[in-house]
Amino acid sequence: MSAEGSKKAIFAALAANAGIAVSKFVGFAITGSSSMLAEAVHSVADTSNQGLLLIGQRQAARRADRLHPFGYGRNRYFYSFVVALVLFTLGSVFALYEGVHKIEHPEPLTMPVVAVVILFIAIALEGFSFRTAFRESRPLKGDANWWQFIRNSRSPELPVVLLEDTGALIGLVFALAGVGLTVLTGDPVWDGIGTVAIGLLLGIIAIVLIVEMKSLLIGEGATEQEEHLILDALVGGGVDRVIHLKTQYLGPDELLVAAKVAMPPGTGLPAVAAAIDDAEVRVRAVVPAARVIYIEPDLDRTPSHRIG
């Protein structure tokens, strides 16, 4: 469900950003607005990023082989990390450079009404992309707030698209403010200030994405809720308690579960095998992403009930 929903959001963002990028470059050519140029480059970066996310999903679908026995699911994390780097370098750094240059060497705008019209069109298209990402994310968000969803989601594409679209909408407002204040005051410095604001905004979003994607790329375990569900599911049917539990996401839709469980002394081998099989079924029933499960049976030699 997360892969299908994220693909819809990616295609919506790709179509919107490609059209927006063309219109913004036309607007820059006509008006000379640095805010418009920064937004055009930002849209090019976003369009490239959607392509990278699609490549990541395609690479992640490759079947496991001897070199990668757990598959290629983390390709989605890697390409999402590259997206964050592209957003920072091509989006933020360029906007900051262009904004500072415009502040130091201000140039008057020509036909600013064209820039305003294009920016309003871009806001409408970007709003369509944001609405799609918002709609596809809601079933996965559950009861968490949006910041918790971005921090805790193990599916990288939807948080990336949501943050990109949010940054794009706010950036368009900054660009509109820069152009508007330039027209009202007659001072083109405001256009440069709007461009710097866009660069700072993109930098903040890129840093958040870099931190989150790096954490996923290194390897994150099950969420707190999923861990509680797994622990409850493991106990019963011949399993007395869980001695320790380790989990890690091999990809957005594939969770590795490794557990050592305590079983009653004297349990025969057939009973042990049946208890483990039943435990695996129970775990997959409550956490479908738990596709790779290793359970090690052991004797309960200690009264401690701490999970290590």
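My entries follow, from the model itself to its charges.

**Model.** I am working with a predicted model, in which local features need pLDDT of at least 70, side-chain atom pairs count only at pLDDT 80 or more, and totals for chains, interfaces and linings use all residues. Residues are numbered from 1 along each chain as its sequence is written, and side-chain values use heavy atoms, with hydrogens and water left out.

**Fold.** I looked up 9 helices and 3 strands in the protein chain; these are DSSP runs (helices H or I, at least four residues; strands E, at least two), numbered from the N terminus. Their order along the sequence is α-α-α-α-α-α-α-α-β-β-α-β.

**Shape.** The C-alpha trace spans about 90 × 35 × 35 Å along its principal axes.

**Core.** I found 67 residues in the largest nonpolar core, with I230, L234, L245 and L255 having the most contacts inside it. Such a core is a set of buried Ala, Val, Leu, Ile, Met, Phe, Trp, Tyr and Cys residues joined through side-chain atoms within 4.5 Å. Buried means under 20% relative accessible area (1.4 Å probe, protein chains only). Buried residues make up 47% of the chain.

I then checked I230. Neighbours within four places in sequence aside, I230 is in contact (heavy atoms within 4.5 Å) with L245, T247, L255, V257, V283 and V287.

**Charge.** I recorded 25 positive and 30 negative side chains, the centres of the two sets 6 Å apart. Lys and Arg count as positive, Asp and Glu as negative; His and the chain ends are not counted. Each charge is placed at NZ of Lys, CZ of Arg, CG of Asp or CD of Glu.

How values were computed. Buried means under 20% relative accessible area, exposed over 50%, partly exposed in between (1.4 Å probe, protein chains only).
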